[in-house]
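Reader: I am new to this structure and would like to learn how to read its pockets and its ligand. Could you take me through them step by step?

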Amino acid sequence: MIKISSSILASDFARLGEQIKEADDAGADYIHVDVMDGHFVPNLTIGPVVVSWIRPVTKKPFDVHLMIESPEKYIDDFANAGADIITVQQEATVHLHRIVEQIKGFNKKAGVAINPATPIGTLEEILPFIDLVLVMTVNPGFGGQSFIQTMPQKIAAMRKMIDARKFDIELEVDGGINAETAPTVVAAGARVLVAGSAIFNKRESITQAMQRLRESAK
Ligand code: DX5
Ligand code: ZN
């Protein structure tokens with residue numbers, strides 16, 4: 001069963017609550033929240049206060065993707081704001097295991113994301129401790145970028161690494177995922193698809209977009 005994590009980064013922030021509600025009704029499995037600090041990535045988005053404001057809108061798990069430096073400083077705030085899964089970038093810390101333990105200390109699921117140029121081998125030692133791996137299929141920082149065509153091989157290698165050790169870890173992909181690219185990443189072994197502009201766009205309703213993406217990912 002493929003899960004869809006709808007990224008609110010592409011939504012209409014003037015109607016953020018309504019858009020999340022619509023994505024929930026349309027069958028989103030997770031709500032993906034992109035947190036950017038203008039340092040780790042060249043863009044700024046939202047912080048824990050916004051997460052706490054939108055928390056009452058839906059019961060769906062909040063899949064919080066931290067693209068920030070010093071993530072250890074903000075884990076508590078995001079956990080208390082209502083995050084369910086907290087994913088940190090492998091490149092953002094030299095103390096990955098400590099941060100993963102910090103996240104799990106709040107009884108939250110812990111994820112680790114890797115940028116397109118980061119080898120999957122950097123995750124080898126952390127795999128026994130985490131619940132989710134996020135393979136970035138664009139360089140983080142912005143919505144609406146094009147999928148990097150060499151990523152399916154990397155996803156397949158990651159799938160192999162997880163399965164070889166029989167870990168119960170969700171394999172998520174993020175960036176440029178739409179009805180055209182979804183079949184390739186699913187065939188490579190991805191099971192959670194983050195989608196921003198493929199879900200929230202002016203061409204179709206959120207329900208139509210979600211349906212089209214789900215059909216393509218079967
Ligand atoms: C990119 C973010 C993504 C972004 C994806 O840095 O991590 O979650 O919202 O947007 P799309 O689906 O439009 O590529
Ligand atoms: Zn993301």
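Reader: How much space lies in the second largest pocket?

Author: Rolling a probe the size of a water molecule over the atoms shows where empty space is left. In this predicted model, the second largest pocket holds about 180 Å³ of space.

Reader: Which residues line the second largest pocket?

Author: Its lining includes Ala10, Ser11, Asp12, Arg15, Gln19 and Glu22.

Reader: How much space lies in the largest pocket, and how many residues line it?

Author: The space in the largest pocket is about 460 Å³. Its lining is made of 34 residues, and those nearest the centre are Gly144, Gly176, Ile177, Gly196 and Ser197. Sorted by class, the lining of the largest pocket comprises 16 nonpolar, 12 polar and six charged residues.

Reader: Which helices and strands supply at least two residues of that lining?

Author: They are β2, β8 and α7 (206-216). Of the elements, α7 gives the largest share, three residues.

Reader: Where does ligand 1 sit?

Author: Ligand 1 sits in the largest pocket. The elements that give two or more residues to the shell around the ligand are β2 (30-36), β3 (62-67) and β8 (192-195). For this shell, the largest share comes from β2, with three residues.

Reader: Which residues come nearest to ligand 1?

Author: There are 20 residues around ligand 1, and the nearest are Ser7, Asp34, Gly141, Asp174 and Ser197. The shell divides into eight nonpolar, 10 polar and two charged residues.

Reader: How much of the area of ligand 1 does the protein bury?

Author: Taken alone, ligand 1 exposes 380 Å², and the protein buries 99% of that area.

How values were computed. Residues are numbered from 1 along each chain as its sequence is written. Chains are lettered from A and ligands numbered from 1 in the order in which they are written. This is a predicted model: local features need pLDDT of at least 70, side-chain atom pairs count only at pLDDT 80 or more; totals for chains, interfaces and linings use all residues. Side-chain values use heavy atoms; hydrogens and water are left out. A residue is near a molecule or strand if one of its heavy atoms lies within 4 Å of it. Accessible areas come from the Shrake-Rupley method with a 1.4 Å probe; for residues, only the protein chains shown count as cover. On a 1 Å grid over the protein atoms alone, a cavity is a set of points where a 1.4 Å probe fits but cannot get out, and a pocket is an open set with protein on both sides within 12 Å along at least five of seven lines; lining residues have an atom within 4 Å of a point. A molecule sits in a cavity or pocket if more than half of its atoms lie within 2 Å of its grid points. Helices (H or I, at least four residues) and strands (E, at least two) are DSSP runs, numbered from the N terminus. Ala, Val, Leu, Ile, Met, Phe, Trp, Tyr, Cys and Pro count as nonpolar, Asp, Glu, Lys and Arg as charged, and the others, Gly among them, as polar. Grid points are joined across faces, edges and corners, and a volume is the space filled by probe spheres set on the points.
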